[in-house]
Amino acid sequence: MPDKTYLDWPFFAPHHAALEAALDAWSQQHLAHATHDRASVDHACRQLVRQLGEGGWLRHAVAGVAHGGHADAIDTRAICLIRETLARHDGLADFAFAMQGLGAGAISLHGTDDQRSRYLPRVASGEAIAAFALSEPQAGSDVAAMQCAATPDGEHYVLDGEKTWISNGGIADFYVVFARTGEQPGARGISALIVDADTPGFEIAERIDVIAPHPLARLRFNRCRIPAAQRIGAAGQGFKVAMSTLDVFRTSVAAAALGFARRALDEALAHTTQRSMFGQMLSDFQLTQAKLADMATGIDAAALLTYRAAWQRDCGRKVTREAAMAKLTATETAQQVIDAALQMFGGLGVVSEQPVERLYREIRALRIYEGATEVQQLIIARELLRDAASAKGEA
């Protein structure tokens, strides 16, 4: 039985523990025998989105009770608990939930009432699949290098360019696309547009296979006419829209990493206490015990940072630094924990579709997407230096 004493931490309210227990029970029923291969990943992802919608879990991924959401504001701690729980059971289920939240996040936070009413209820019910299209071939972490352009043309924008590494690419019903609209140089001249998948001139240029099967694609826009009413927020404010959306869901990436790490520790404990070696159990060796201790300590340290950031955001505080710390620590720690668990399994650990082998493939991408580890380090340092300069100015 997984250790869930962390749910008693003061970061949580009683309804958070109830949410985790209900989702854990649901996951055991619906995800216990989940397997996914490259040939069927699109179908599996669509099916998971429908199941999560029917189960009511996607309601937590959008804001606004009137638009199908569980509450009027996104509960970051709930989002994190859901991702952690789903990741512990099935990586693709976590992906399906997370992309619904991220894809619709800009609409939840900055959309007009019309945009919210047209898109969010379908996201919450699992009827529509959402996607977040920010990265480009030459503009990943460096968003200001974006080349995809949307040129104003009367009551429309004409959208041209490419996006890549887009999760749900190829299966999404709509994409929140960030494009240069030219109000000012750099990041201050970007706007966010909702692009429906059936828009003329839009195509899937390439499907991308990655280490853990997920729907991923490169998108191409060729003179797509997008009504100006599909713009999210003010013209030229797309960078702020993107960053505020990522601030919500970056912390949840840390939570997903926690779910993977907890599953790896559970698998390691079960294996080492049953595996006989040299006349004793593998868990009797001091080297094994030291490694298990490091794994458990790292998980708790990452969890404290993760749920501190989630709690702070739910309290209405700025969490740019705290979310970066959580994401960096949780993903790097999970990589170490999973690697250690795989080593304990020996040859069995690298057998395809064994739990620790799947975890090993799942965790690697989390150290890159929504801001690579090195980017998180830059964010943390930037915030520290900014605070130090501010304090010096006030002295």
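Is Arg-77 buried or exposed? I looked this up in the predicted model and found Arg-77 buried, at a relative accessible area of 15%.

**Entry 1: Arg-77 and its partner.** The side chain of Arg-77 meets that of Asp-314 in a salt bridge, with 2.8 Å from N to O. I noted that this pair links distant parts of the chain, 237 residues apart: Arg-77 belongs to helix α3 (residues 76-89) and Asp-314 to helix α7 (residues 286-314). I recorded Asp-314 as partly exposed, at 25% relative accessibility.

**Entry 2: Lys-4 and Asp-24.** I then turned to the segment before α1. Lys-4 forms a salt bridge with Asp-24, and their closest N and O atoms lie 2.9 Å apart. Lys-4 sits in the segment before α1 (14-30) and Asp-24 in helix α1, so that the pair, 20 residues apart, links distant parts of the chain. For Lys-4 I read a relative accessible area of 22%, hence partly exposed; for Asp-24 I read 7%, hence buried.

Entry 3: I examined helix α6 (residues 238-272), which holds both Asp-247 and Arg-250, three residues apart, about one turn of the helix. These two form a salt bridge with closest N and O atoms 3.8 Å apart. Asp-247 counts as buried at 18% relative accessibility, and Arg-250 counts as buried at 6%.

**Entry 4: network and total.** I also found a network of salt bridges that links Glu-162, Glu-203, Glu-206, Arg-218 and Arg-220. My count of salt bridges came to 27.

Conventions
Residues are numbered from 1 along each chain as its sequence is written. This is a predicted model: local features need pLDDT of at least 70, side-chain atom pairs count only at pLDDT 80 or more; totals for chains, interfaces and linings use all residues. Side-chain values use heavy atoms; hydrogens and water are left out. A salt bridge is a side-chain nitrogen of Lys or Arg within 4 Å of a carboxyl oxygen of Asp or Glu. Helices (H or I, at least four residues) and strands (E, at least two) are DSSP runs, numbered from the N terminus. Buried means under 20% relative accessible area, exposed over 50%, partly exposed in between (1.4 Å probe, protein chains only).
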